[in-house]
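Please view the sequence and the structure first.

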Amino acid sequence: MLAWTIYLSFAGALLEAMLPALLPKGRNAAARWLALAVAVAGLAVAVVGFIAGMGPNQVGPVVIVDVPWVPSMGIHYLLAADGISRVLVLLTGLAAVAGVLFSWNIELRTNEFFAFFLALIGGVYGVFLSFDLFLLFVFYEIAIVPKYFLIAIWGSTRREYAAMKLALYSFAGSAMVLIGLLAAYATAGSHSTGLVALGHANLPVSFQMWAFPLVFVGFAILAGMWPFHTWAPTGHVAAPTAASMLLAGVVMKLGAYGCLRVAIALFPRGLDPWGVSFIGIGSWRDVFAILAIVGIVYGALVALVQTDFKFVIGYSSVSHMGFVLLGLMTLNQIGVTGAVLQMFSHGILAGLLFAIVGRIVYERTHTRQLAELETMHLSKRMPFAAGAFVIAGMASMGLPGFSGFVAELQVLVGAWTVNHWWVAAAGVGIVVGVAYTWRAMQKAFFSDALPAAHVLEKEHSHPFAAITWPEVTGVVLLVGVSLFVGLYPKILLDQIEPAVKALLAGGVQ
Amino acid sequence: MNGSPMTSGFPILTLLTVLPLVGAAIALWSGKHARGVALITTIASLALALAVWIHLSPSGTMSMVEQHPWAPSLGIEYHLGVDGLSALMLVLSAIVTLMSVDAANRVHHQPGLYFALVLVLEAGLFGSFTALNFFHWFLFWELSLIPAFFLIKLWGGARRGPAATQFFVYTMAGSVALLLAFLALFVATKTADTPGSMDFARLSFLASTGVLEKMVTAHLGPVMLWLAIGVLAGFAVKVPMIPFHTWLPAAYAEAPSPVTMLLTGAMSKMGVYGLLRIAIPIFGPQIAQIRTPLLILAVATVVMGAWAAAAQKDLKRVFAYSSVNHLGYCLLGIFALAVPAVGSAAQASQAAALNGVILQMFNHGVTAAALFWFVAMLQQRTGGHRGIDQFGGLRKPAPVLAGLMGIVLFSSLGLPGLNGFVGEFLIFRGVFSLAWVAATVSVLGLLVTAAVILTVIQKVFSGPVPEHCVNFPDLYHGERLAMAPVIGLMLLIGILPQLIVQSVNPTVVNLLAHWRFF
């Protein structure tokens with residue numbers, strides 16, 4: 001069932017690419033509606049799959065399809081899903097629909113844009129559903145290409161630099177992953193590339209000790225782990241709105257997912273203490289937890305001083321993804337569950353924030369400089385955007401009632417049982433998070449600053465274009481989901497918890 | 001050829017080799033219709049090659065064997081046969097030659113001679129991929145060299161003269177080394193009642209029992225290692241392996257693009273094939289002895305090939321060095337086999353590496369030929385420009401060309417879902433457990449290649465459109481039709497590598513079972 005998310009997306013991408021041959025006229029409108037139809041269909045499949053997964057018995061991964069692919073090499077086309085996969089597939093479906101809605105105004109080579117967009121979505125679905133390492137790697141790599149083109153062709157600020165940087169960081173990360181995975185085969189002497197089979201291979205601890213950091217960092221590059229995060233802000237800012245939404249919303253989750261599903265599940269003993277400790281750091285777990293906390297605080301502090309509205313959101317993603325990585329490093333039920341929930345929550349909220357900043361505001365003001373936005377009195381002239389940003393900002397700060405609160409709280413509770421200092425340091429990040437969100441909100445929407453007279457004349461002479469239905473629909477969808485999950489997190493937690501439990505029991509004690 | 005060789009009554013392999021020669025004779029006299037003759041001949045050859053591929057023995061041993069005495073007193077036999085490796089190379093040669101003829105639509109100067117030479121070259125490829133006796137093989141190896149030389153010399157670019165000469169001298173020097181080594185083996189294997197042998201199966205049987213080295217030492221002194229080095233050098237020039245590669249950039253750049261397609265797509269595989277069919281079976285222990293320097297050279301070929309590609313400004317030279325890089329993976333996979341390893345896991349790794357090498361040979365052939373085909377199109381449309389910086393924004397005037405060339409570039413980059421990925425993945429999967437340092441360092445090659453390809457995509461397809469590209473025509477219908485099956489093949493292999501692996505794997509298992517390194 002869930003496999004159809006992948007096939008639908010790739011079929012949609014193919015159709016979009018061939019659209020000029022099929023349809024000489026009215027191509028752009030057709031491309032939009034086709035993309036929306038495909039995205040909605042994918043979401044529908046994801047929802048049905050999610051509902052089917054509800055129930056007490058669904059603990060381990062449920063195989064969806066398993067056929068030999070290259071039998072002599074032990075490679076299978078093996079798709080399966082557990083609660084973690086189902087939640088992230090659902091997130092991908094939501095991000096896809098929202099992304100199409102906020103790309104409704106793309107006029108430049110519309111069909112190509114949606115072709116790359118849907119191909120990226122297809123690759124992301126594929127990663128979340130692959131239970132064969134070869135297959136997972138294939139989808140992971142496939143996802144790199146469309147995001148390169150989305151930025152290089154439809155991007156803005158230094159798009160070619162940003163696209164190349166993103167692609168090279170991604171390739172470097174996957175090269176590290178590749179080395180680690182090949183080493184795992186070699187060491188296990190396994191004749192299968194299945195995740196479960198390799199997970200049972202009892203790899204020697206000394207091997208796991210070096211394979212774990214290699215694979216973890218390889219994936220964490222894409223999750224925006226400090227200090228390998230620098231692709232993220234430049235990439236997010238350069239990307240067109242829908243691509244920023246996908247980058248922050250789901251692509252960064254690919255990295256975090258890989259950290260959990262591959263690095264932690266295959267090499268759990270790599271997190272064991274080294275036996276020696278240096279200024280309180282005694283294992284890879286400490287190292288990565290500290291990097292995650294540095295990311296939380298550093299991302300937040302840098303977001304605090306940005307002059308470009310989109311960079312604020314870009315750096316906030318680094319900070320929020322730090323919570324995911326910190327949650328993973330707690331290695332306990334509640335912390336890891338929180339990390340997965342945070343992936344979902346941040347996916348929704350980052351999408352929403354980028355949509356407001358990049359699409360709703362920028363397309364009307366044609367500037368993202370906070371200093372210029374300050375003079376435009378947007379709360380009065382664009383009340384919908386202001387209202388949406390207030391809600392999104394509050395959710396992003398982690399106010400109770402929104403999805404971010406439950407997620408970050410769980411991460412912090414999980415971290416508390418491991419090391420009090422982690423929580424204290426991450427808490428600083430939360431406080432700064434409130435500050436930068438508040439600052440951006442204040443400057444962009446609620447400032448009383450008066451513009452220079454001639455600017456006033458020019459800027460206020462024409463009203464902004466009205467908010468369009470796709471924008472309203474997209475905002476309502478994302479806000480609604482965040483609110484719903486904030487008020488009733490159980491619906492996701494019921495799926496995540498047993499899956500996390502099974503995954504942690506696989507190796508980590 | 002252990003056990004009884006499967007003989008087929010119908011000499012299909014001979015027919016396959018003779019067909020292009022007949023075509024060449026007709027083409028020579030048909031003037032401006034020569035391309036049509038060449039097209040028909042190459043299509044027929046492809047059909048025959050596919051027939052060979054389909055009727056391959058599933059056991060992975062030699063099939064369709066033809067064996068007749070030729071010059072018995074010299075140990076020379078007419079001995080042909082195919083297994084999965086050679087049959088795949090036949091199909092590849094047929095595909096690449098067809099692509100090359102297809103791409104050569106602007107030969108105004110002596111078309112008859114041009115296409116006749118291309119067809120002779122094809123016959124040389126077929127002959128050398130089916131021969132099982134050194135003399136016979138060497139005949140065709142040389143036969144392919146001569147037309148290649150004249151194709152560069154007569155139809156090449158501005159500096160074709162030195163390029164052709166350099167190509168010829170290097171390959172000839174390699175050939176001489178090969179010839180001397182095999183003459184030495186012939187002399188050494190002579191006994192009181194039998195003449196010496198040049199038969200690959202006979203020699204590799206003697207080598208696998210250790211008798212060959214004793215015979216050589218008895219007749220000629222301790223020179224076996226030097227013979228191995230001579231043979232390796234002969235093949236290393238052809239592949240090429242750093243530091244024997246210096247002829248390549250000039251030859252690839254100066255040859256007309258359709259000829260470059262043949263050079264890189266098919267002829268470079270003769271070198272890799274020679275390593276697998278000739279060097280390893282006969283000189284296994286010697287190769288194992290010097291495996292560390294060989295692995296270092298293979299890694300250097302991978303990494304420095306990619307690095308050199310990054311430094312080029314001429315598209316043809318970019319792809320030329322990138323070919324060096326891609327064939328470096330083959331060398332890596334081959335030499336890693338000589339690393340001592342025991343146990344079933346090691347066997348699986350060796351099988352993975354060798355499967356990967358053979359897949360990579362095929363995939364690189366198709367992809368590199370397609371890349372140079374696109375370069376030919378770019379040159380035709382802009383009056384001969386081929387500098388990276390001379391193009392820009394082509395996505396706008398020529399979206400279909402940009403899209404299809406993009407797919408081919410990504411295949412070259414090794415993107416999953418396209419053909420290039422599978423071979424490289426299997427090579428790395430195998431080499432990693434055999435020689436992990438070499439594999440790890442070679443990953444650098446993957447990364448640099450990715451950067452090179454993305455740079456090409458960025459510079460050629462995006463940015464402002466230069467003046468001479470404003471009226472750049474998109475792909476014509478004929479070109480789309482010609483390119484569609486090539487792209488289709490890339491996708492097909494990318495998604496279903498099993499199509500090739502299932503026929504290659506039995507051969508791989510068979511080869512590995514007969515090779516002896518220690």
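## A covered helix

H4(A) is mostly covered, with 20 of its 20 residues buried. A residue counts as buried if 20 or more other C-beta atoms lie within 10 Å of its own, exposed if 12 or fewer, and partly exposed in between, with C-beta atoms placed from the backbone. The model is predicted: local features need pLDDT of at least 70, side-chain atom pairs count only at pLDDT 80 or more, and totals for chains, interfaces and linings use all residues. Residues are numbered from 1 along each chain as its sequence is written, while chains are lettered from A and ligands numbered from 1 in the order in which they are written.

| Helix | Residues | Length | End-to-end C-alpha distance | Expected span |
|---|---|---|---|---|
| H4(A) | 110-129 | 20 residues | 29 Å | 28 Å |

Buried residues of H19(A) include A:Trp422, A:Gly429, A:Tyr436, A:Lys443 and A:Phe445. Among the elements that cover them are H12, H13, H17 and H18 of chain A.

## Chain A overall

Chain A holds 22 helices and four strands. These are DSSP runs numbered from the N terminus: helices are H or I with at least four residues, strands E with at least two. The radius of gyration of chain A is 22 Å, close to the 23 Å of the globule rule for 509 residues, so the chain is as compact as a globular protein of that length. That radius is taken over C-alpha atoms, and the rule is 2.2 Å times the number of residues to the power 0.38. The C-alpha trace spans about 75 × 60 × 45 Å along its principal axes. Buried residues make up 63% of chain A.

## An oblique pair

H18(A) (403-416) and H21(A) (469-487) pack at about 50°, with axes 6 Å apart. They are therefore oblique to each other. A:Ser403, A:Phe405 and A:Val406 of H18(A) meet A:Ser482, A:Val485 and A:Gly486 of H21(A).

## The side facing chain A

The contact between the chains takes 27 residues from chain B and 26 residues from chain A. Two residues are in contact if their C-beta atoms, placed from the backbone, lie within 7 Å. H14, H16, H17 and H19 of chain B each supply at least two residues of chain B's side. H17(B) gives the largest share, nine residues.

Key:
Expected span 1.5 Å × (residues − 1). Axes fitted to C-alpha atoms, helices over the stretch in contact; angles between N-to-C directions. Parallel < 35°, antiparallel > 145°, perpendicular 65-115°, else oblique.
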